[in-house]
Amino acid sequence: MSEKVLEVKNLETSFKLEDGVVKAVEGVTFDVYKGKTLGIVGESGCGKSVTSLSIMRLIPNPPGKITAGEILYNGKNLLNFSPSEMRKIRGNEISMIFQEPMTSLNPVFTIGNQLIESIALHQKLSSKDCRAKAIEMLKLVGIPSPASRIDDYPHQLSGGMRQRVMIAMALSCNPNVLIADEPTTALDVTIQAQILELLRELQERVGMAMILITHDLGVVAEVCDDVMVMYAGKVVEHGTVEEIFKNPKHPYTRGLLNSIPTLAKDPTGKVKKKRLETIPGIVPSLLDLPKGCRFQDRCAFVLDGCRTGDPELRVIKDDNHLPHSIRCIRDL
Amino acid sequence: MSLNSNPQTGDVLLSVKNIVKRFPIKGGILNREVATVRAVSDVSFDIHKGETLGLVGESGCGKSTLGRAILRLIEPTAGNVFYRGQDITKLAPEEMRRLRRKMQIIFQDPYASLNPRMTVEQILSEPIDIHGLAHSKEEKRKRIFHLADLVGLRKESIQRYPHEFSGGQRQRICIARALAVEPEFIVCDEPVSALDVSIQAQIVNLLQDLQKELGLTYLFIAHDLKVVEHISTRVAVMYLGKIVEIAESEVLYENPQHPYTQALLSAIPIPDPTLKKKRIILKGDVPSPINPPNGCYFHPRCPKVTDQCKVVWPKLEGVAGDSIIHEAACLYADKRHKPDEGILNQ
């Protein structure tokens with residue numbers, strides 16, 4: 001396995017709310033390798049976006065604060081960096097694609113303006129070279145006639161094109177780590193296929209490490225090497241993509257996989273179900289978590305032991321570069 | 001629902017004939033019409049009693065506009081909609097209001113489609129009051145409890161406000177509101193798109209249960225092809241305001257004829273990492289409906305395009321080998337008739 005670029009250890013991020021302090025992310029540990037992709041999966045509110053914002057040190061403070069843990073980038077702890085040191089990392093060495101291409105671009109500046117801003121900030125280039133670089137980036141992400149498109153405003157572009165601009169911006173300084181927060185959620189399937197293909201191509205070419213945050217397990221299966229499943233702020237299952245999809249062990253992961261409708265002519269050979277399997281109930285509020293396992297109230301395999309002790313993340317299989325671990329006391 | 005319940009022999013509940021919706025774009029000093037958005041062009045289909053017709057397509061292809069035009073929530077520019085044989089595009093507003101009892105809609109965003117200042121009870125009372133479906137307070141209460149029960153909401157929760165509910169529960173409230181007037185036909189406009197995966201499955205199951213229990217007919221609009229296949233009897237694929245293919249769900253997914261349908265289906269990510277799929281990646285974006293291309297609307301992105309496609313606008317026609325109701329609008333689909341019957345595009 002290639003070298004580790006980013007190591008996150010026991011990350012804990014809390015938010016101070018009117019009703020008390022909420023730990024949005026608790027005890028999250030993972031590594032990201034050069035040229036590989038880690039997928040973070042989970043439903044809204046599970047802490048996947050907070051994890052990525054913590055890495056970028058973009059958690060608004062107050063109310064949020066990283067209360068424990070380490071984020072090591074090439075061995076150095078990002079949490080000890082000063083704001084100006086962090087600014088040199090952000091966008092330059094670690095960069096991020098945000099979820100909504102519609103709202104993440106500034107509507108009153110041309111896309112060229114916004115692209116050039118980040119290039120000029122991090123690279124010592126003349127303004128002419130910056131523009132040339134911006135055009136080159138737009139070309140790289142597949143925007144037709146980039147030399148004239150660069151002077152367009154965001155509203156003149158379609159959703160897929162705007163997402164490409166966001167990707168161009170994120171990649172313009174050749175980052176070592178790219179965090180993509182739901183990069184295709186707002187897009188149609190045909191455009192999603194284009195964007196995923198593009199990311200994969202670029203990753204191969206530049207060798208960057210990628211964190212892909214998504215709730216679409218289909219996308220994970222296609223793009224990722226490792227998978228981490230989160231639930232209510234904690235990691236519940238972590239392993240290689242083959243292992244997680246072949247042998248999902250946590251009831252939540254199984255529930256997620258089973259609740260996706262299968263196609264009649266499904267290439268996976270699964271039989272089409274008349275009725276979808278569901279996970280009953282809803283995600284518990286972080287302010288009002290049950291004692292013990294956080295998934296207990298929705299779990300079909302719940303035991304008395306689940307209601308008393310908070311299960312630890314434990315390794316159940318260790319024959320890959322990444323051990324398969326789950327946060328569940330049962331062996332299913 | 002399978003191939004056995006042949007929708008062709010079933011009663012036609014709703015029939016859409018050549019419906020067109022254009023939106024004018026006004027501009028200039030005189031505020032004259034400078035261009036038109038052709039949101040829906042010349043769409044026709046039937047929906048049979050008790051079936052679910054799925055409508056898929058990318059954003060901006062006109063699927064929501066079509067859903068609303070059918071209910072006359074936006075007036076269609078041309079064309080007719082027959083509900084049980086009656087042309088509803090000719091009805092007076094008052095008659096239309098009465099008929100709306102039979103035709104309801106569920107919207108995509110359960111966060112935006114409920115009034116935040118009304119309790120669930122008030123939300124559910126409104127349609128009951130408007131259509132005078134309850135004669136006493138007790139009767140209304142009973143009805144509301146029954147509705148809450150139908151969609152799986154607790155009785156106590158009807159005193160609460162929408163913000164106290166999660167997305168899935170709000171969608172249940174929206175469904176209960178649509179059901180309050182005992183409709184026969186419901187347009188479901190992306191009812192699960194805004195929900196998490198585990199909640200999506202709950203709502204899809206609920207919609208299927210209600211259909212069985214109450215004999216409902218759905219027009220199910222969505223862009224998630226897997227959900228559509230799961231719930232639909234037949235599926236229609238839309239592109240730039242036109243239906244390019246329509247068939248029974250199994251047939252369409254097994255044997256797609258239109259290159260657009262093929263590309264759409266191949267783009268679905270499959271949750272199996274061992275599988276390396278051959279994918280048709282379409283180039284470019286959906287063209288603007290203000291200025292659609294000549295000939296076949298799909299030709300600028302089509303991998304199988306020929307010169308013929310750039311001038312001829314293919315008609316929706318039956319496909320050989322399949323049941324009569326598999327129709328595709330492509331010159332090179334496996335046709336029963338000779339492919340030279342397309343109309344020259346003006």
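The contact between the two chains of this predicted model takes 45 residues from chain A and 38 residues from chain B, contact meaning heavy atoms within 4.5 Å. The area buried between chain A and chain B is about 3800 Å², with carbon and sulfur atoms giving 58%; buried area is the accessible area (1.4 Å probe) that two parts lose on being put together, summed over both. D188(A), T190(A) and L263(A) supply 15% of the area that chain A buries against chain B, more than any other three residues.

Across this interface the rule finds 1 salt bridge, a side-chain nitrogen of Lys or Arg within 4 Å of a carboxyl oxygen of Asp or Glu. It joins R275(A) to D209(B), whose closest N and O atoms are 2.7 Å apart. Helix 7 of chain A gives the most to the side of chain A that touches chain B, with 7 residues; helices here are DSSP runs (H or I, at least four residues) and strands likewise (E, at least two), numbered from the N terminus.

Over all chains, the structure holds 30 salt bridges. One of them pairs D310(A) with K234(A), at 2.8 Å between the closest N and O atoms. These two residues are 76 residues apart in the chain; D310(A) is partly exposed at 37% relative accessible area, while K234(A) is buried at 8%. In chain B, R301(B) and E58(B) form a salt bridge with closest N and O atoms 3.3 Å apart. The pair ties together parts that are 243 residues apart in sequence, and both R301(B), at 6%, and E58(B), at 2%, are buried.

Residues are numbered from 1 along each chain as its sequence is written, and chains are lettered from A and ligands numbered from 1 in the order in which they are written. Local features need pLDDT of at least 70 and side-chain atom pairs count only at pLDDT 80 or more, whereas totals for chains, interfaces and linings use all residues; side-chain values use heavy atoms, with hydrogens and water left out.

Notes: Buried means under 20% relative accessible area, exposed over 50%, partly exposed in between (1.4 Å probe, protein chains only).
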